[in-house]
Amino acid sequence: MCITCGCEGNENEIKMTVFGEKSETKHNEHTHSHGHHHEHSHSHEINLETNILNQNNLLAERNRGYFEAKNIFSINMMSSPGSGKTTLLEKTINDLKNKVQLYVIEGDQQTMNDAERIANAGAPVIQVNTGNGCHLDADMINKAVKKLNVKNDSIVFIENVGNLVCPSLFDLGESKRLVIMSTTEGEDKPVKYPTIFENADICIINKIDLLPYLNYDIEIAKNYALRVNHHLEFIEVSATTGEGMEKWYEALLKMQKTQE
Amino acid sequence: MHEMSIVVSIVEIAESEAKKANAEKITEMELDIGTVSGIEIDALNFAFDSIKHKTMLKDAEIKINIIEAKSICEDCKYEFKTENVYTLCPQCDSYKTSILKGKEMKVKSITTN
Ligand SMILES: Nc1nc2c(ncn2[C@@H]2O[C@H](COP(=O)(O)OP(=O)(O)OP(=O)(O)O)[C@@H](O)[C@H]2O)c(=O)[nH]1
Ligand SMILES: [Mg+2]
Ligand SMILES: [Zn+2]
């Protein structure tokens, strides 16, 4: 059965395309074995105590080991649709591509649009189209990283599917988790969608160039986020004007260093 | 809706254990779900109902144990029941609280025959 939608058929195919190469469609491998039919079986209780996300978590740990062995710093970027994940990446690639090798894994339900933007900015990118799936999982990252042929000592950005709910539960094996909120979304996103903020390491507040036109109080937003996760660190930026981006690069390169 | 992938994972865990035991079907399953686990019980039930007919759980009785959340205040060490992860400490108003319980998401047991 397909892990993203429970379908048996091929309606919801996961599609992976390295930008510039031919695309390949792959359904999550289904095996349809049907238990052995032994007669005279007896009712009996099996104690499991198994974490529901055990399979994903095990795969995530494998990814983590792979990243560590190759000294790759990976960052899982999560936000609601349109907060500016791709714009932030375009800017970051422009400014850092000559300093450090960058790769991007793009998660969207449909289209190659974001991969195209990233390729134009100048980084190798693979687009993962999840179909009806609302999040990336560790298995997709495992396959994507191998297809991308990621070099040692690089940074891998994972742009998760734009969604403030579902991605939060799925460990990808990333080194750090980044949540982005933008000033046009209202201050109370952290308490409306707490899980994603609870599991993040850093929070970027994007679109600060729009502050003069909005009734948005950054301090209120931060306070809400801190209630959910008092370890969260904030960086305020405008991905379009570039304001605050130096702080983001500093934080990023520092995180990469401390991982070594 | 991530509850669908949650349900598929639950089915996979239950079926693979049932097959190991050479069972033909699962008659009961017990889950532990915490109130701050990020799983919505209604969405979970909805997702389960839409796929169970093609699984070994089609006639299974599902019992969901809902685990109430509990937090501790890092400043004053007060422990309190909570319904979410953002409530301030009721004793000292601090936001430095941590969840002690309520994040569970487990397949506790299955019964087969
Ligand atoms: N004013 C302003 N607009 C921004 C900023 N960052 C992004 N935008 C705009 O916001 C819109 C959405 O940006 P994207 O980067 O595509 O957002 P995204 O988070 O990648 O969206 P999805 O991939 O669809 O989830 C675009 O029109 C951007 O130009 C910013 O800092 N300031
Ligand atoms: Mg995008
Ligand atoms: Zn307190």
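In this predicted model, D153(A) sits in the loop that joins helix 4 (138–148) to strand 7 of chain A. Helices (H or I, at least four residues) and strands (E, at least two) are DSSP runs, numbered from the N terminus. The points below cover that residue, a magnesium site in chain A, and the build of chains A and B.

**Conventions**

- Residues are numbered from 1 along each chain as its sequence is written, while chains are lettered from A and ligands numbered from 1 in the order in which they are written.
- Local features need pLDDT of at least 70 and side-chain atom pairs count only at pLDDT 80 or more, whereas totals for chains, interfaces and linings use all residues; side-chain values use heavy atoms, with hydrogens and water left out.

- D153(A) is not a glycine, yet its phi is positive, at about 60°.
- D153(A) has a relative accessible area of 44% and is partly exposed; buried means under 20%, exposed over 50%, and partly exposed in between (1.4 Å probe, protein chains only).
- D93(B) is not a glycine either, and has a positive phi of about 70°.
- The loop between strand 4 (79–82) and strand 5 (97–101) of chain B holds D93(B), which counts as exposed at 56% relative accessibility.

**Magnesium site in chain A**

- The magnesium ion (ligand 2) has T86(A) (OG1), D114(A) (OD) and E159(A) (OE) as its protein donors, at 2.0 to 2.2 Å.
- D114(A) belongs to helix 3 (residues 113–121) and E159(A) to strand 7 (residues 155–159) of chain A, so the pair ties together parts that are 45 residues apart in sequence.
- Along the chain, the donors have the spacing T-x27-D-x44-E.
- Donors are N, O and S atoms within 2.8 Å of the metal (3.2 Å for Na, K and Ca); water is not among the atoms, so sites may look incomplete.
- D114(A) is buried at 12% relative accessibility, and E159(A) is buried at 3%.

**Chain A overall**

- Chain A contains eight helices and 10 strands.
- Of its 260 residues, 54% are buried.
- Among contacts in chain A with a separation of 6 or more, 72% join residues 24 or more positions apart; contact means heavy atoms within 4.5 Å.

**Chain B overall**

- Chain B has two helices and six strands, in the sequence order α-β-α-β-β-β-β-β.
- Along the principal axes, the C-alpha atoms of chain B fill a box of roughly 55 × 25 × 15 Å.
- Buried residues are 49% of the 113 in chain B.
- In chain B, 70% of the contacts with a separation of 6 or more are between residues 24 or more positions apart.
- Chain B has an accessible surface of about 5,300 Å², and carbon and sulfur atoms account for 46% of it.

**E15(B)**

- E15(B) is part of helix 1 (residues 3–20) of chain B and is buried, at 15% relative accessible area.
- Leaving aside residues up to four places away in sequence, E15(B) touches I26(B), T55(B) and M56(B).
- E15(B) and C76(B) are 61 residues apart along the chain, and their C-alpha atoms are separated by 46 Å.

How values were computed
Areas by Shrake-Rupley, 256 points an atom, 1.4 Å probe, with all protein chains shown as cover.
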